[in-house]
Amino acid sequence: MIKIGSLELEGFPLLLAPMEDVSDPPFRAVCKENGADIMYTEFISSEGLIRDAAKSVEKLDIYDYERPIGIQIFGDKIESMREAAAIAEEANPDIIDINYGCPVKKVACKGAGAGILLDIPKMQKMTEEIVKRVDKPVTVKTRLGWDESTIKIVEVAKRLQDVGVQALSIHGRTRKQMYKGVADWTHIAEVKNHPDIHIPIFGNGDIDSPQKALEYKNKYGVDGIMIGRAAIGYPWIFNEIKHYMKTGELLPPPTLEQRVDITKKHLQFSLEWKGEKKGLFEMRRHYTNYFRGIPNFKPFRQTLVESDDPQEVLKTLDRIAEEFAGTVPIV
């Protein structure tokens, strides 16, 4: 049993990572349906929340079928983060999560996201103020350090635990690495196995198959795994991992028909949540991922991304199901 505050999770939880412009309610819905245990919103600007900016407020939308879910906030000003956490809590998530890991220049170089790893005392103070401000359990997602010379993740974990953080998700890269190179889970294991650490530790980075998930679970001893990029266009990965961990057997990959069905569901959620125009527009980034590896797919993709008519998109998806029936994606 994994506990995050009063929240109890059975077994070995799989977390859907917060991803900008990806982890919105429609995407979270299809991941939840396919086995994700904990959801997180896209990261939300603290300054946007306290100024009631429409884009930030929209990201507070959460639904009961997603639970347990955390709302993730980021920022570089302690007072703004305190108030943003209080605003986020009013949306009634299960968790308030703090982003100390975003490596993007416009965030990190302003001292937010992974930028705060250069000022650990400020990170500790900011976290303490947020914990004091809200009643929901507070968790953190972070990276190993700013670069190889500033990896102090054990110290970071102890300080965050000391001020009341209830769980910690660690991406096994530094900010300097961005998303390049290989995630180093040895530092994550060092945190998990430290005698002074008693909060759940979740590992993140490079998990893209059931075999790797089981290997890393056993090798590094983490309490759960957070999955991000591998779920884009492939929400089945969560149930595939669970099945493999339980049986040692791999589930067959999704059929072309299953790919079409999940795309339709994602599209329908997107239309319902965002409206027709925006819903269609924001689905365009997902089609290539859902049909990755399908040969000669380009003409269909072009129709999907250029259409302004939901019915035309649905008809195109039906044509894809007919045209490529029985096709095995080229991996």
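User: Let's start with one residue. Where does Glu66 lie?

Analyst: Keep in mind that this is a predicted model. In it, Glu66 is found between helix α3, which covers 54-58, and strand β6, which covers 69-74. That puts Glu66 in the loop between α3 and β6.

User: Is Glu66 buried or exposed?

Analyst: The cut-off for buried is under 20% relative accessible area. Glu66 has a relative accessible area of 0%, so Glu66 is buried.

User: Which side chain does the side chain of Glu66 join in a polar contact?

Analyst: Leaving aside neighbours within four places in sequence, Glu66 is in contact with several residues, including Pro25, Lys32 and Met39. Glu66 also has a polar atom of its side chain 2.8 Å from the backbone nitrogen of Tyr63. As for the side-chain partner, the polar contact is 2.3 Å, and the residue is Arg28.

User: Which two residues does a cis peptide bond join?

Analyst: Most peptide bonds are trans. Here there's one with omega of about 0°, and its second residue, Pro68, sits in the loop between α3 and β6. The cis bond joins Arg67 and Pro68.

User: What is the phi of Asn92?

Analyst: Most residues other than glycine have a negative phi. Asn92 is not a glycine, yet its phi is positive. You'll find Asn92 in the loop between α4 (78-90) and β7 (95-100), and it is partly exposed at 39% relative accessible area. Its phi is about 60°.

User: And what is the phi of Asp21?

Analyst: Asp21 is in the loop between β3 (14-16) and α1. With a relative accessible area of 35%, Asp21 is partly exposed. Asp21 is not a glycine either, but its phi is positive, at about 65°.

User: Zooming out, how far apart do the C-alpha centres of domain 1 and domain 2 lie?

Analyst: The domain assignment gives domain 1 as 9-247 and domain 2 as 256-324. The contact takes 19 residues from domain 1 and 16 residues from domain 2. Their C-alpha centres are separated by 29 Å.

User: Which residues in domain 1 lose the most area to domain 2?

Analyst: The two domains bury about 1,500 Å² between them, with 62% of it on carbon and sulfur atoms. On the domain 1 side, three residues together account for 32% of what that side buries. They are Pro26, Glu58 and Trp236.

User: Which side chain meets that of Asp24 in a salt bridge?

Analyst: The structure holds 25 salt bridges. Asp24 is in the loop between β3 and α1, and its partner is in helix α11 (residues 256-274), so the pair ties together parts 250 residues apart in sequence. Asp24 counts as buried at 4% relative accessibility. The two side chains meet at 2.6 Å, N to O, and the partner is Lys274.

Technical notes: Residues numbered from 1 in each chain as written. Predicted model: local features only at pLDDT ≥ 70, side-chain atom pairs only at ≥ 80, totals over all residues. Heavy atoms only, no water. Domains from an automatic or database assignment. Contact = heavy atoms within 4.5 Å. Buried area = accessible area lost by both parts, 1.4 Å probe. Salt bridge = Lys/Arg side-chain N within 4 Å of Asp/Glu carboxyl O. Helix = DSSP H or I, 4+ residues; strand = E, 2+ residues; numbered from the N terminus. Buried < 20%, exposed > 50% of the residue type's maximum accessible area, 1.4 Å probe, protein only. Polar contact = N/O pair within 3.5 Å; in protein donor to acceptor, adjacent residues only side chain to side chain.
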